[in-house]
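Please consider the structure shown below. The paragraphs after it lead the reader from the parts of one chain to the relation between the copies.

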Protein chains: 2
Amino acid sequence: MSASEFSFKIIHQSRKSRARVGIIQTPHGIIDTPNFVAVGTNGTLKAIDSIMASSLGLQLMFCNTYHLMLQPGTDIIKQAGGLHKFIQRSMPLITDSGGFQVFSLAYGSVKDEIKSRGKKQHNNSIIKITEEGVLFRSYRDGTKILLTPELSVAAQKDLGADIIIPFDELPPYHITRHELENSLHRTHRWEKRSLDAHLHNRAGQAMYAVIHGGLDKDLRAASAEYLSRLDFDGFAIGGSLGKTKQEMVELLSFVVPLLPREKPNHLLGIGDLLSIESGIRFGIDTFDSSHPTRCARHGLLFTSTGMLKILQAKNRDDFSPIDSLCSCLVCQQYSRAYLHHLFKAHEMTGYSLATIHNVAHMIQRMADYRTQIMNNEL
Amino acid sequence: MSASEFSFKIIHQSRKSRARVGIIQTPHGIIDTPNFVAVGTNGTLKAIDSIMASSLGLQLMFCNTYHLMLQPGTDIIKQAGGLHKFIQRSMPLITDSGGFQVFSLAYGSVKDEIKSRGKKQHNNSIIKITEEGVLFRSYRDGTKILLTPELSVAAQKDLGADIIIPFDELPPYHITRHELENSLHRTHRWEKRSLDAHLHNRAGQAMYAVIHGGLDKDLRAASAEYLSRLDFDGFAIGGSLGKTKQEMVELLSFVVPLLPREKPNHLLGIGDLLSIESGIRFGIDTFDSSHPTRCARHGLLFTSTGMLKILQAKNRDDFSPIDSLCSCLVCQQYSRAYLHHLFKAHEMTGYSLATIHNVAHMIQRMADYRTQIMNNEL
């Protein structure tokens, strides 16, 4: 473990797009960018342990402060010597502020909201949003919890991830321009308070701002302009990116160029393969998403020739590996037929092996993108 | 992989009990005895893969022919090149005949039956028991399946485990002396037919007889006497061993001395720690059981000082390993507090890590027993 500070260096800027290859340096090692950030909400990826995740070469892992606050409690993790030590991860970690979870568990996802799902939860979980912060009920035991910028940062200091996120509001998708503007300004005040709390005791951590403003370009521009004037180490793009991939692409093509070129850019919670590829072209450096691990547990395996649905009957007697071009330990050892069998038999081993493969695939895919960028092919 | 035949060699006979240290040689390597045999019903241990099981030093793994017949089908596994290849296990395997599952899924376990559970299933699953075999309904899709000694052996030839088991009847616990005797004689005829089918094409496999006779000592003696005259490579003790540990101990102390001393003895489906220790004293060489892996998934962790219930609140801030004397990778890396957290958060990773530990513990415990026997301390 090196005690070096956070830094970002651009190694190569593609001549074909805004894509770039870079290296983020953190106290727990480097992150080659562009890269995929797997999500381990509760301090573990679903179905594989930290040692396995590291041995696959996963350079950055995303944990959720909200969940860890409620279970086991950030006090316990602090006592353990921090999140790296608690979960036995020697490589870099990023935590979020807890804000996203508080709001998304209340509103449901944008998709839920568009389909009018998830409204019922709202009344139950968020009690009050004030300038101070958010008062909500724990999804675990119903106890009332106040989350403020300062408390979120304190929790993230207890966790000690290499990269932390300021407390922000995730406004509902259905909202007036006026409400969105009010939300954005409050988010800016919250992010500033978070940054101040962080800078009071940097403790080797980096903090990325979260650009908000929903689908409103003026507000996005205002957000980028305001936040990039503050002493943040990187910039994450949050909030609603629209209902469709086209809206997202349109928004990214507008927002990313407004961010400081020399700082790393992170796209929050977007990790499907198409979005990653277009995000890279716009200059996004890191992408966190539970998509590849969730797909794995549903038997959707990523391959160099597309998605393999392992439960399909055609895999029953297919003794070839998931992907003959993949060098992961699953593809080196096990056949599609065996994976198909494990999924049919509902064996947890199947979920673990599928997760190992999909994470390994993402890591390899990102390395391939870096090569393409170095060659000005992307 | 050596192509050597099956053999058993006694290395040391304890001067303190009937316990002995031995080596079973199989085409896929040796099994040091006494040893624990983990159960991987569907061709995997629950929550850990074959490579991990082997790397823990699990020398013999038990798979269930009944389950593998129904899913994926022994034809598929034969096509894959056999069970070792299908599940990527280079070390020894043992399969059962399918009989136990057909009957136990019908009757429920002895415990279920004593408590009058599981009766309802009976009417649904076993359609007819004849001299030919058993006609039953698949628990998966309700299709009718006939299982006979010859079909069971053919299935086990497709699977290609190092040790196979003849087809037997598991009589219900509540049964008259006359019915038990009839069942025993039919089982003997079925085992003889199984042996004949096996000897017709040995294919490097060994076959263990299954001694039956329930709690009736005369019938147990008759079973041992009859089966030990046949050309079996080892002897497993099956059927009901009583309601209590005391009944089991009493029965084992009577039955084991009736078996040929120079052949390996296996105790079917008994794997709790106390039973293993007393079984070893009577000269049992191998024990298969899903007990340690099932305990693991319920958060019951084996330690050198007794059972640790990981979900207990006292583990919340206990940063020591599960067992400070254990050298398994879980104890080397993770704390009780982290395992407690993973179980509280219902993370599959917790089940995997607990399983790794309990299997490693059993393997270490059996090695310790072998040392004690070598020293005439057991």
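How far apart do the C-alpha centres of domain 1 of chain A and domain 2 of chain A lie? In this predicted model, the distance between these two centres is 27 Å. The domain assignment places residues 7-289 of chain A in domain 1 and residues 290-378 of chain A in domain 2.

The two domains touch each other, and the contact draws 28 residues from domain 1 of chain A and 21 residues from domain 2 of chain A. On the side of domain 1 of chain A that touches domain 2 of chain A, the elements that contribute two or more residues are two strands and two helices of chain A: strand 2 (20-26), strand 4 (35-39), helix 1 (50-55) and helix 12 (273-282). The most is given by strand 4 of chain A, which supplies 4 residues to this side.

Chain B is superposed on chain A by a rotation of 180 degrees with 0.0 Å of shift along its axis, and the RMSD is 0.0 Å. The two copies are therefore related as by a two-fold rotation axis. Among the residues of chain B, Met348(B) comes closest to the rotation axis, with its C-alpha at 3.8 Å. Both copies use the same surface, since 100% of the contact residues of chain B recur in chain A.

Notes:
Residues are numbered from 1 along each chain as its sequence is written. Chains are lettered from A and ligands numbered from 1 in the order in which they are written. This is a predicted model: local features need pLDDT of at least 70, side-chain atom pairs count only at pLDDT 80 or more; totals for chains, interfaces and linings use all residues. Domain bounds come from an automatic or database domain assignment. Two residues are in contact if their C-beta atoms, placed from the backbone, lie within 7 Å. Copies are superposed by least squares on the C-alpha atoms of residues with pLDDT of at least 70 in both.
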